[in-house]
Amino acid sequence: MSTITQARPRPPLISWLAVTSLTLGIFAIVTSEILPIGLLTDIGADFGISDGITGLTMTLPGIVAAVAAPAVTLATARLDRRVMLCALVAVLAVADVLAAVATSYWIMLVSRVLVGLTIGGFWSIGAGLSARLVPPRSVGTATALIFSAVPLGSVLGVPAGTFIGHLAGWRTAFLVLAALSVVVLIALLMLLPPLPAHEVTSGRVLLGLLRARGTRIALLATFLIVLAHFGTYTYVTPFLQNVTHLDPAAISATLLAYGIAGTAGNFLASKAVATAPRAAFLTCGGLIALATLLLPVAGTSTAGAVALVVLWGLAYGGVPVCSQAWFMNAASGTPEAATVVFTSSFQATFALGALAGGQVVDAFSVSTAMICGGLTALLMAAASWSLTRTRRVFKEMPRGWRSH
C-alpha cells in the first residue's frame, strides 16, 4: 500500500475552494439525510402513517450507508476519487428529486436507499482527502472545515428545509436539496484535481483494523452515543410539537439554535481532542445524557426546552470529531480504512437508533424515548471511562488534529 501524497501543488485559493466544495458536498448529504427530522410529522401526514413508521426515512439511509461505506470503498479502490465523488453527488440529486415526486411511501423509501448509498461512499472517500488538497501545515484546519458540514447541516440545512417545507410543502424542500446537489457536482468538477487512488484499502486492512483494542473501544463508544442521540433527536420535532407545544416557526428557530450550538461544539471538540481526547468524548456523552433526561421534565416549558436543546446541540456537535479522531488515532497509517470503519459504524448505529426510538415512541411516548436515550448516553460515558482508565488507549492525536 503506497503512502498518500498531496496532489500536484495548486494556487492556495483553488486548493481551499476544493476543500470548500467537499464541505458543501457533505453539507448537502447530511442535510438530505436528516431533513426528515424537521418534516417528520408533515411527511407522515401526507402518506397517512405514524411518526414511528415515518422514522424509517431516517433508519433506512443509515442501514444502507453502513453497508455502502466498506462495499463502495473496496469495489472502487483503484478508481480516481474525484470521479467517484462526482458520481455519488449525481446519485444524491436523483434521490432528492425522487423524494419530491414520490407518490407512495415505498417510492420515498427507495429515494432514501439512494441517499444511504451516497452517504456511505462520499463520506468514506471524501472525509480524509484534505491531506491531498492542502499543504501539511493546513491539514488540521481543512479537516475541521470539512467536518463542520455535519453540524452545519443542523444549523442551516434542517431549519431552512423545515421552513421551506412549512411554507411551500415538504416536497419543495427536497427539490431545493436536489438543486444544491447539482451546484455541488459542478463545483467538484471544476475545483477538484485528479485524485488517483494512492491508498488501496483492502478487506484485510479493514479486518486488521477491527482487531485493535483501541478500535473496538471506539466502536463501543460510538455505538452507544450515536444510539442515544438518534434514538431521541429523530423525534425532537414531535416532542417540541406535542410536549412543549411550540408552533412550526418556533420549532424551526429551536432547531436553528441547536445547529448553531452544534457548530460551536464541533470546533471546541476539534481543539480538545488534541490534548484531552477522552475527557472531550466523555463530556459530550455526559451533556447529552443530562439534556435528554431533563427534557421530559423541564422541556414542558419553552425556556426549558430551548435551553436543553441548545445544550444538546453543543454536546453532540463534538461527537463526530471526537469519534473520528479516536478511529484515526487507532489507525494512523491507514486513514481511508479508519474513515470507512468510522462511517460504517456511525451510520449503522444511526439507523438502529432511529428505529429503536420509533418503536419506543409508538409503544409508549416521545418522552420515554428521551429518557431511554439519556440512560444510554450515561452508559456510554461510564463504559468509556472504565475501559480507558487503566490502559492508555488514546495516544497522541494525528498531526492533522493537533494543528487546529
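The questions below go from the whole chain to single residues.

Biologist: What kind of model is this, and what is its secondary structure?
Modeller: The model is predicted. The secondary structure of the protein chain comes to 18 helices and 0 strands. Of its 404 residues, 58% count as buried. The accessible surface is about 14,900 Å², and 71% of that belongs to carbon and sulfur atoms. Among contacts with a separation of 6 or more, 86% are between residues 24 or more positions apart.

Biologist: Which residues have the most contacts inside the largest nonpolar core?
Modeller: They are Leu22, Phe122, Leu188 and Trp312, in a core of 97 residues. Helix α1, residues 12-47, gives the most to this core, with 11 residues. A second, separate core has 14 residues, including Ile43, Ala102, Met108 and Leu177.

Biologist: What does Leu188 touch?
Modeller: Leaving out residues up to four places away in sequence, Leu188 touches Ser21, Leu22, Arg82, Leu85, Cys86, Val89 and Phe122.

Biologist: Why is Trp312 called buried?
Modeller: Trp312 has a relative accessible area of 0%. The label buried needs a value under 20%, so Trp312 is buried. Tyr233 has a relative accessible area of 2%, so Tyr233 is buried by the same cut-off of under 20%.

Biologist: How many aromatic pairs are there?
Modeller: The count comes to 7 aromatic pairs. In one of them, the rings of Phe230 and Tyr316 have their centres 5.9 Å apart and their planes at 85°.

Biologist: Why is the pair of Phe230 and Tyr316 called edge-to-face?
Modeller: Ring centres must lie within 6.5 Å for a pair, and planes over 60 degrees apart count as edge-to-face. The centres of Phe230 and Tyr316 are 5.9 Å apart and the planes are at 85°, so the pair is edge-to-face.

Biologist: What makes Tyr233 and Trp312 an edge-to-face pair?
Modeller: Their ring centres are 5.7 Å apart and their planes are at 75°, so this pair is edge-to-face. Tyr233 lies in helix α10 and Trp312 in helix α14, so the pair ties together parts that are 79 residues apart in sequence.

Biologist: Which residues form one aromatic cluster?
Modeller: Phe47, Tyr105, Trp170 and Phe174 form one.

Biologist: How do you know that Asp46 and Arg171 meet in a salt bridge?
Modeller: A side-chain nitrogen of Lys or Arg has to be within 4 Å of a carboxyl oxygen of Asp or Glu. For the side chains of Asp46 and Arg171, the N to O distance is 3.3 Å, so the pair meets the cut-off of 4 Å. Asp46 is in helix α1 and Arg171 in helix α8, residues 170-191, and the two are 125 residues apart. The structure holds 1 salt bridge.

Biologist: Are Asp46 and Arg171 buried, partly exposed or exposed?
Modeller: Asp46 has a relative accessible area of 42% and is partly exposed. Arg171, with 25%, is partly exposed as well.

Biologist: Which residues form a nonpolar patch on the surface?
Modeller: The patch consists of Ile53, Leu56, Leu220, Phe223, Leu352 and Leu355, with about 430 Å² of accessible area together. Helices α10 and α16 (335-363) each supply at least two of its residues. Ile53 is found in helix α2, residues 51-54.

Biologist: Why does Ile53 count as partly exposed?
Modeller: Partly exposed covers values between the 20% limit for buried and the 50% limit for exposed. Ile53 is at 39% relative accessibility, so Ile53 counts as partly exposed.

Biologist: What makes His245 exposed?
Modeller: The label exposed needs over 50%. His245 is at 60% relative accessibility, so His245 counts as exposed. His245 is found in the loop between α11 (236-242) and α12 (248-275). Although His245 is not a glycine, it has a positive phi of about 65°.

Methods:
Residues are numbered from 1 along each chain as its sequence is written. This is a predicted model: local features need pLDDT of at least 70, side-chain atom pairs count only at pLDDT 80 or more; totals for chains, interfaces and linings use all residues. Side-chain values use heavy atoms; hydrogens and water are left out. A nonpolar core is a set of buried Ala, Val, Leu, Ile, Met, Phe, Trp, Tyr and Cys residues joined through side-chain atoms within 4.5 Å. Buried means under 20% relative accessible area, exposed over 50%, partly exposed in between (1.4 Å probe, protein chains only). Helices (H or I, at least four residues) and strands (E, at least two) are DSSP runs, numbered from the N terminus. Contact means heavy atoms within 4.5 Å. Rings of Phe, Tyr and Trp (its six-membered ring) pair if their centres lie within 6.5 Å; planes under 30 degrees apart count as stacked, over 60 as edge-to-face and the rest as tilted. Patches are made of residues with over 30% relative accessible area and no salt bridge: like charges are joined within 9 Å, nonpolar side chains (Val, Leu, Ile, Met, Phe, Trp, Tyr) within 5 Å. Accessible areas come from the Shrake-Rupley method with a 1.4 Å probe; for residues, only the protein chains shown count as cover.
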